[in-house]
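Visitor: I would like to learn how to read a structure feature by feature. Where do we begin?

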Amino acid sequence: MSKAIVQGFIVLATFAIAIFCLTQINWMKMLHVESSLQKLEESLGDRVFNSLRLDADEIHGANAALDSMLHKLCEANNLENTIELHVLHSDEVNAFALPGNKMVFYSALITEAENADEVAGVMAHELAHIKQNHVMKSLVQQFGLQFLFSAVSGNAAEAFSSVTQFLSTNAFSRDMEKEADLIGLAYLEKAKVNPAAFVNFMVKLDSIQKEEGLSLYSWLSTHPDGIDRSEYLSEKINPDKSHYESIISEETWSDMIARLNEFEK
Amino acid sequence: MKTKEAFAYTPYESELEGASNAYVISLLAVVAGLPIPIFNLLASIIFYFGTRKSTYFVRWHTTQFLLSQLFLFFFNSFGFWWSLSIFLQKNELSNAYIGYLIFLIVVNISEFILTVYSAIQVRKGVHVQWYFFGTLTQQLVKNKS
């Protein structure tokens, strides 16, 4: 029996070494898997964004303030800032992440906020979705890779309409939303932005939506219950931390709001 | 991974066919079994129980093949569930997964070739003993006569 044990050990050891060696090779790069997925993601992002722009005008003037907010969040959290920010004119209170590291804010969400820190909370949440690769995970889960590849390679307008609808409404699972909330909260704390502003903003939108039943408050209606979220987020806020700073100056914030209001007219 | 050794006695023609079938049956199961690893193992188990009262030579080869299938089953099952978790988006496509998949492909193709070779050789009356599995079978299967 000892001969069989020795031989069994040799076979298992050979298998273990072979598996170890094979898993050390960068197959994703060698087989161009990474670049294919990246191209797909970029292409999807461009096409979905273009279809959004058919219904809403882009407000270029508001980007600078949002960019500095994003820069501060990324810098404080050692994140590579490859995000492409867009502000679209819309009455819908919404913001969402798109494939290809794109983040879209609707103007109504910004004007609904009382200060920049509230918008920074939403931004941190969407940034977490992007950094956790939730966008592509959800898309593949919902539509399948084959559908997405064929939608990009062909000119399937209907396919893009359903992808756009999905991304701007109920794209993420409850677990993903909670993960993005908690990671977003950590981003805010590291950037010395008071996370309570984000929680307050969420509670405010939730109460307006419940009282007035406005269907335009999409950002909240497509996420888990605002009260639940504010509860678990409040529990996670570090009570000992009090040295918070505003993410951008009051002046920059006012300038952005003025730009948005100007566009309204 | 195989050696040709002298068997305890010279098997009859019918025994050669029975022993060779132990390998052939799994080749048929491969058609259905490729995506789901349990099919190959099931075919081997059914054949094993069907030949329990058969001659020493047939039992020996059936057991050797069943042991090898059992061993591979764990590796294939792991790969199968890993693939399923990627398909269901519980896991992501990674270098580790592709490396493991290549390992499985190489091992399964090698086993397939060895199985075809063994089926042919055993049918010719050659006692093919696989490395480790042959040694283990030698310990487990005894000549009752």
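Guide: With the order of elements in one chain. This is a predicted model. Along its sequence, chain B runs β-α-α-α-α-β-α. That gives five helices and two strands.

Visitor: What share of the residues of chain B counts as buried?

Guide: Of its 145 residues, 49% are buried.

Visitor: And how do I read the contacts in chain B by sequence separation?

Guide: Take contacts between residues at least 6 apart in sequence. In chain B, 75% of these join residues at least 24 apart.

Visitor: Now a single helix. How do I read its sides?

Guide: Start with the general idea. An α-helix has 3.6 residues a turn, so residues three or four places apart point the same way. Now the case. Helix α14 of chain A covers residues 250-264. Its 15 residues reach 21 Å from first C-alpha to last, close to the 21 Å expected at 1.5 Å a residue. Buried in α14(A) are A:Trp253, A:Met256, A:Ile257 and A:Leu260.

Visitor: Why do these residues lie on the same side of α14(A)?

Guide: Because they cover an arc of only 95° around the axis.

Visitor: Which exposed residues does the face turned away carry?

Guide: A:Glu251 and A:Glu262.

Visitor: What covers the buried residues of α14(A)?

Guide: The cover includes α4 (63-76), β1 (84-88), α5 (107-112) and α6 (116-131), each in chain A.

Visitor: Let us take one residue. Is A:Met69 buried or exposed?

Guide: A:Met69 sits in helix α4 of chain A. Its relative accessible area is 0%, so A:Met69 is buried. For its surroundings, set aside neighbours within four places in sequence. A:Met69 then touches A:Ala116, A:Val119, A:Ala120, A:Met123, A:Ile247 and A:Ile248. A:Ala116 is 47 residues from A:Met69 along the chain. Their C-alpha atoms are 8.3 Å apart.

Visitor: Last, a pair of helices from two chains. How do I read the crossing?

Guide: Look at the distance between axes, then the angle, then the hand. Helix α1 of chain A (residues 2-24) meets helix α4 of chain B (residues 95-123). The axes come within 7 Å and cross at roughly 135°. That angle makes α1(A) oblique to α4(B). The crossing is right-handed.

Visitor: Which residues meet there?

Guide: From α1(A) come A:Phe15, A:Ala18, A:Ile19, A:Leu22 and A:Thr23. On α4(B) they meet B:Asn95, B:Ala96, B:Gly99, B:Tyr100, B:Ile102, B:Phe103 and B:Val107.

Notes: Residues are numbered from 1 along each chain as its sequence is written. Chains are lettered from A and ligands numbered from 1 in the order in which they are written. This is a predicted model: local features need pLDDT of at least 70, side-chain atom pairs count only at pLDDT 80 or more; totals for chains, interfaces and linings use all residues. Side-chain values use heavy atoms; hydrogens and water are left out. Helices (H or I, at least four residues) and strands (E, at least two) are DSSP runs, numbered from the N terminus. The expected span of a helix is 1.5 Å times one less than its number of residues. Buried means under 20% relative accessible area, exposed over 50%, partly exposed in between (1.4 Å probe, protein chains only). The arc is that of the directions from the helix axis to the C-beta atoms. Contact means heavy atoms within 4.5 Å. Axes are lines fitted to C-alpha atoms, for helices over the stretch in contact, and angles run from 0 to 180 degrees between N-to-C directions. Angles under 35 degrees count as roughly parallel, over 145 as roughly antiparallel, 65 to 115 as roughly perpendicular and the rest as oblique. A crossing is left-handed if the near helix is turned anticlockwise from the far one by less than a right angle, and right-handed if clockwise.
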